Amino acid sequence: RDSKLFIKDLNFDEVPVRIYLLRLPSARKRRGVIFFHGGCGMYGSIKSHERICRSIARKSDSVVVSVGYRLSPEHKYPAQNLDCIAATVHFLKTAENYGVDPDRIIVCGDSVGGTFTANACQELVNRTDIPKIRAQVMIYPFLQALNFNLPSHQKNAFIVLLSRQHIVRSILKYLDRDCSLKEALLAGSHVPECMNLKYRKWINPDLIPEKFKQDYEPPLPTSYVPQVHEQTKELFETRFSPLLAEDAVVCRLPDACIITCEHDVLRDDGLLYKKRLEDNNVKVTWHHIEGGFHG
């Protein structure tokens, strides 16, 4: 029950969603927010993020759609991305049915929900049959799986809620891979030198502002292991690592808001994507929470 909101569970193109509509009538069509919850793609739900979605709906005077995408490992990757995109397309097409201006719809997500947000915007950027997404909001997003030795990985390696090792272990579980590959991924043995050279212009400690690099030490060189690369090829797909998208895609993305936290291993993913967007003339609003933690 909510005195200010009408809340209803629906299905958008067979994807479960919960929609939050303000009871108070509006003289004009409202803004729309599509929300993807975090949880490593394996946890979390519409219910776990109920409070934040109610808050967004009330405080921004928007219609919020929370997406209940299928979870791994019961539903194999990339079912999660596909569900998020399907629900987004459905809402973009039917927004006016819910009193929403189709030209004022944003996508938003926390943690892996931020990954799905970035991916949805990239996947839909060339679609001409649906309204354009107005903006993207990424709350401490996970955006790349090539380098786990960035300054934020080192600084926050042992933070309890989301340690450096926990990230890689979660990635392997999410992809239903053997967790014995964890040390090889942490060392970077899954990345061939040609890819390191190609993506160094986008994923590189040198691109992180100096104030975030205190006590950073470059990792020791590591050997590439082809077998590990073969078993983890999904990590190099842009739907898994949106930071790897080409400039031709990035330059057409909608305005962005990126939120990072000081004590978060994923902080530098957000900083690197911020730079990429800005380098491609995409407007970015950045909020950094000093003393903030992931989750």
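A polar contact is a pair of N or O atoms within 3.5 Å; within protein, one must be able to donate a hydrogen and the other to accept it, and residues adjacent in sequence count only if both atoms are side-chain atoms. Keep that in mind.

This is a predicted model, where local features need pLDDT of at least 70, side-chain atom pairs count only at pLDDT 80 or more, and totals for chains, interfaces and linings use all residues. Residues are numbered from 1 along each chain as its sequence is written, and side-chain values use heavy atoms, with hydrogens and water left out.

Now the layout. An automatic or database assignment sets the domain bounds. Domain 1 covers 5-144 + 239-293, and domain 2 covers 151-236. Their C-alpha centres lie 25 Å apart.

Next, the interface. 33 residues of domain 1 are in contact (heavy atoms within 4.5 Å) with 29 residues of domain 2. The buried area is about 2,800 Å²; that is accessible area (1.4 Å probe) that the two parts lose on being put together, summed over both. Carbon and sulfur atoms give 67% of it. In domain 1, Phe 240, Leu 244 and Val 265 lose the most area to domain 2. Together they make 25% of what that side buries.

How many salt bridges are there between domain 1 and domain 2? The count is 2, each a side-chain nitrogen of Lys or Arg within 4 Å of a carboxyl oxygen of Asp or Glu. Asp 176 forms a salt bridge with Lys 76. Their closest N and O atoms are 2.7 Å apart.

Back to polar contacts. Between the domains, 9 residue pairs make them, both residues at pLDDT 80 or more.
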